[in-house]
Amino acid sequence: MIENPDPIKTLMERHIGLVDELGLLKITIDRLKKRFSPNLLEALKREIFSFLKSMEQHIRFEEESLFPVLEVALGNKREQIISMARDHSNLKEEIEKLKTLITNLDIETLEEYRKIINLVETIIASLTDFFTKHINDEENNLYKPAKEALLKKELVEIERRMQSIEE
Ligand SMILES: [Fe+2]
Ligand SMILES: [Fe+2]
């Protein structure tokens with residue numbers, strides 16, 4: 001039994017966590033730009049995979065838990081939901097790009113190494129810009145009205161769906 005569900009709060013905390021993870025990725029990339037280290041490169045790969053997993057789960061939380069309930073509860077916000085889902089499509093494309101790049105890393109020369117690190121840096125920077133704007137829009141245009149309008153039984157339903165994704 002879910003007692004006092006506050007899925008919106010959980011989702012906002014996830015936003016903070018994801019932005020933090022992006023900040024940590026930037027720190028690792030900066031270190032890798034200063035000196036080549038195979039171990040640190042492996043660490044970056046692990047950090048990126050873990051970030052992508054959190055990001056994919058967050059998107060599922062919203063698309064499979066929050067959005068369907070919100071669509072019914074806030075009929076007049078449908079445009080906003082569509083717009084956020086469109087952002088998610090862009091995010092998913094970037095996630096796939098990054099996954100492919102990291103999975104098929106094949107570095108033989110220092111020149112190649114620099115090229116890859118610069119490319120990863122560019123992707124992470126644009127992802128950070130895009131995601132920061134996205135969560136801003138989402139929190140203002142969806143989370144805020146959701147907090148005001150959702151009934152307890154709807155919050156329970158969102159929470160229940162989120163838990164089933166987590167399992
Ligand atoms: Fe989102
Ligand atoms: Fe979000």
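A residue counts as buried here if 20 or more other C-beta atoms lie within 10 Å of its own, exposed if 12 or fewer do, and partly exposed in between, with C-beta atoms placed from the backbone. The model is predicted, so local features need pLDDT of at least 70 and side-chain atom pairs count only at pLDDT 80 or more, while totals for chains, interfaces and linings use all residues. Residues are numbered from 1 along each chain as its sequence is written, and chains are lettered from A and ligands numbered from 1 in the order in which they are written.

First, the chain as a whole. It has 5 helices and 0 strands, where helices (H or I, at least four residues) and strands (E, at least two) are DSSP runs numbered from the N terminus. The C-alpha trace spans about 60 × 30 × 20 Å along its principal axes. Of the 167 residues, 20% are buried.

Now to helix 5, residues 152-166. From first C-alpha to last, its 15 residues reach 21 Å, close to the 21 Å expected at 1.5 Å a residue; the expected span is 1.5 Å times one less than the number of residues.

Which residues of helix 5 are buried? They are Glu157, Ile158 and Met162. These lie on the same side of helix 5, because they cover an arc of only 130° around the axis, taken from the directions from the helix axis to the C-beta atoms. They pack against helix 1 (7-34) and helix 2 (38-73); a contact means C-beta atoms, placed from the backbone, within 7 Å. The face turned away from the buried side carries exposed Lys152, Lys153, Ser164 and Glu166.

Methods: Two residues are in contact if their C-beta atoms, placed from the backbone, lie within 7 Å.
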